[in-house]
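Please look over the sequence and the fold before reading on.

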Amino acid sequence: MYFVRINFNKHSLKEALLNAGFQPDKKELFLWEGVSMYLSSHAVDDTLIFVRSYSPAGSELLFDYICRSVIEGGGYSYYGS
């Protein structure tokens with residue numbers, strides 16, 4: 001298990017994980033909670049590309065997110081979603 005603190009908008013996830021002992025040939029569970037909604041779209045894309053490119057079949061990514069319309073006040077109701 002790796003717990004890596006990183007500013008996704010400024011630093012490389014690949015470098016941070018490799019420095020922590022991450023082994024790209026082993027299946028992993030990436031737990032990415034409370035993060036994606038605070039990042040630039042570029043940082044989100046880079047993270048998803050990293051997970052796709054550096055983890056073998058059977059690896060998983062779990063994350064939470066919020067719809068942009070909620071943040072921007074789009075007036076949509078997501079009750080029960």
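Which backbone oxygen does the side chain of Ser59 reach at 3.0 Å? It is the backbone oxygen of Pro56. A polar contact here is a pair of N or O atoms within 3.5 Å; within protein, one must be able to donate a hydrogen and the other to accept it, and residues adjacent in sequence count only if both atoms are side-chain atoms. The side chain of Ser59 also reaches the backbone nitrogen of Glu28, at 3.0 Å. Ser59 sits in the loop between helix 2 and strand 2 (60-63); helices (H or I, at least four residues) and strands (E, at least two) are DSSP runs, numbered from the N terminus. Setting aside residues up to four places away in sequence, Ser59 touches Lys26, Lys27 and Glu28, where contact means heavy atoms within 4.5 Å.

A note on the model: it is predicted, with residues numbered from 1 along each chain as its sequence is written, and local features need pLDDT of at least 70, while side-chain atom pairs count only at pLDDT 80 or more. Totals for chains, interfaces and linings use all residues, and side-chain values use heavy atoms, with hydrogens and water left out.

Next come the strands. Strand 1 and strand 2 pair in the parallel sense over four bridges; two strands pair if DSSP finds at least two bridges between them. Phe30 has Leu61 as its bridge partner in strand 2. Together with helix 2, strand 1 and strand 2 make a right-handed β-α-β unit, meaning that, with the strands pointing away from the viewer, the path from the first strand over the helix to the second runs clockwise.

Ser36 belongs to the loop between strand 1 and helix 2. With a relative accessible area of 10%, Ser36 is buried; buried means under 20% relative accessible area, exposed over 50%, and partly exposed in between (1.4 Å probe, protein chains only). Apart from neighbours within four places in sequence, Ser36 is in contact with Val44, Phe63, Asp64 and Tyr65.

The largest nonpolar core has 13 residues, and Phe8, Leu13, Leu17, Phe30, Trp32, Leu39 and Phe50 touch the most other members. Such a core is a set of buried Ala, Val, Leu, Ile, Met, Phe, Trp, Tyr and Cys residues joined through side-chain atoms within 4.5 Å. Helix 1 (13-19), strand 1 (29-32) and helix 2 (41-53) each supply at least two residues of this core, and helix 2 gives the most, with four. Leu13, not counting residues up to four places away in sequence, touches Ile6, Phe8, Thr47 and Phe50.

The whole structure holds seven aromatic pairs. Rings of Phe, Tyr and Trp (its six-membered ring) pair if their centres lie within 6.5 Å; planes under 30 degrees apart count as stacked, over 60 as edge-to-face and the rest as tilted. Phe30 and Phe50 form an edge-to-face pair, 6.4 Å centre to centre with 90° between the planes. Phe30 lies in strand 1 and Phe50 in helix 2, so the pair ties together parts that are 20 residues apart in sequence. Phe30 is buried at 11% relative accessible area, and Phe50 is buried at 6%. Ring pairs also link Phe8, Trp32, Phe63 and Tyr65 into a cluster.

Finally, Ile71 lies in helix 3 (residues 68-72) and is exposed, with a relative accessible area of 55%.
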